[in-house]
Amino acid sequence: MEKYSKIYVTGHTGMLGSTMIQKLVDSGYRNLVFRTHNELDLTRQSDVEDFFHAERPEYVFHIAAKTAGVMLNRKYPVEFLGDGTLIAVNVLQAAYQFKVKGLVFVSSANIYPEDAPQPMTEEQFMKGKMPYYWSGYALAKTVGVKFCESAHIEAGKHFISAVLPAVYGPHDFGSTVLPMLLDKFANAVTKGEQVVEIWGTGKARRDFIHSEDVADALIFLMEHGKGGQHYNVGSGKERTIREVAEFLQEVSGFTGKLFFDLTKPESANRQFLDASKINSLGWTPKILFEEGVKRAYQEHLEKICSVYKVGM
């Protein structure tokens, strides 16, 4: 990519998308294009095609997706499969049709089988049953990865997929595990509560990576990745949910008790990405988990304090 290249970022209002925009601006890219959901509904194929016809982006970072936590995925599998697939394919098809020079599609560790050997390598893709709670979301992401692979096979397109673990960062107020925990501890400290409830046993293990590291990796893959390939973008370390909760207890100063609710789902037991493929190209993450989570907690605490109009 050149500094003047026209770059389209989907999902720019979300946590990762907004970080991506900031990273591109900080790196000297100025010819950026994006649309809110109200301006462009990515589930409508004709609207997406009209946008690509009018704007003619040269490069695309496809981050937009239908996302939420395990409970909503479990409750609304049709929406996550249907809308998720449309969002993925409509942008990919238009990028292919209008001859985009390069594209990076953001996928998820949930594309790998629920019983995949750990840490999970790229070779595990489509080698087994998808995670039960995430099947709709995972299938939509799988279709996107296969589209990028097919576009390269058929026409030599520089379409690449980035497979991500649990991403966290600034402006992350969603319903996945880490932002939920951040809110719970900030709430408990602010309101003087004595118990923080955590879903499941706390034994599930996750690979957490900061959105700034992911944005850096996506640009790196656009420049150094091989078309048609998918790359795990992982932190290189995994933690149990209990370990995360205990660290947040320390960071927040919460002096009450942790209650693990065994009636609540906790999704896959373990999701740890083997990132040696992208590491071998020269990319590694830079932000330590402890540093990133402290920053994220402070943001959540400030939000909670502003809602309840209390001092910190």
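Start by selecting K264: at a relative accessible area of 25% this residue is partly exposed (buried is under 20% relative accessible area, exposed over 50%, partly exposed in between, using a 1.4 Å probe and protein chains only). You're looking at a predicted model, where local features need pLDDT of at least 70, side-chain atom pairs count only at pLDDT 80 or more, and totals for chains, interfaces and linings use all residues. Residues are numbered from 1 along each chain as its sequence is written, and side-chain values use heavy atoms, with hydrogens and water left out.

Strands are DSSP E runs of at least two residues and helices H or I runs of at least four, numbered from the N terminus.

Keep K264 and pick D261: another salt bridge, 3.0 Å between the closest N and O atoms. D261 is buried, at 8%.

Next, select K286 and D216, a salt bridge with closest N and O atoms 3.3 Å apart. K286 lies in the loop between α9 (276-279) and α10 (289-308) and D216 in helix α7 (residues 211-224), so the pair ties together parts 70 residues apart in sequence. K286 is exposed at 62%, while D216 is buried at 19%.

Terms used. A salt bridge is a side-chain nitrogen of Lys or Arg within 4 Å of a carboxyl oxygen of Asp or Glu.
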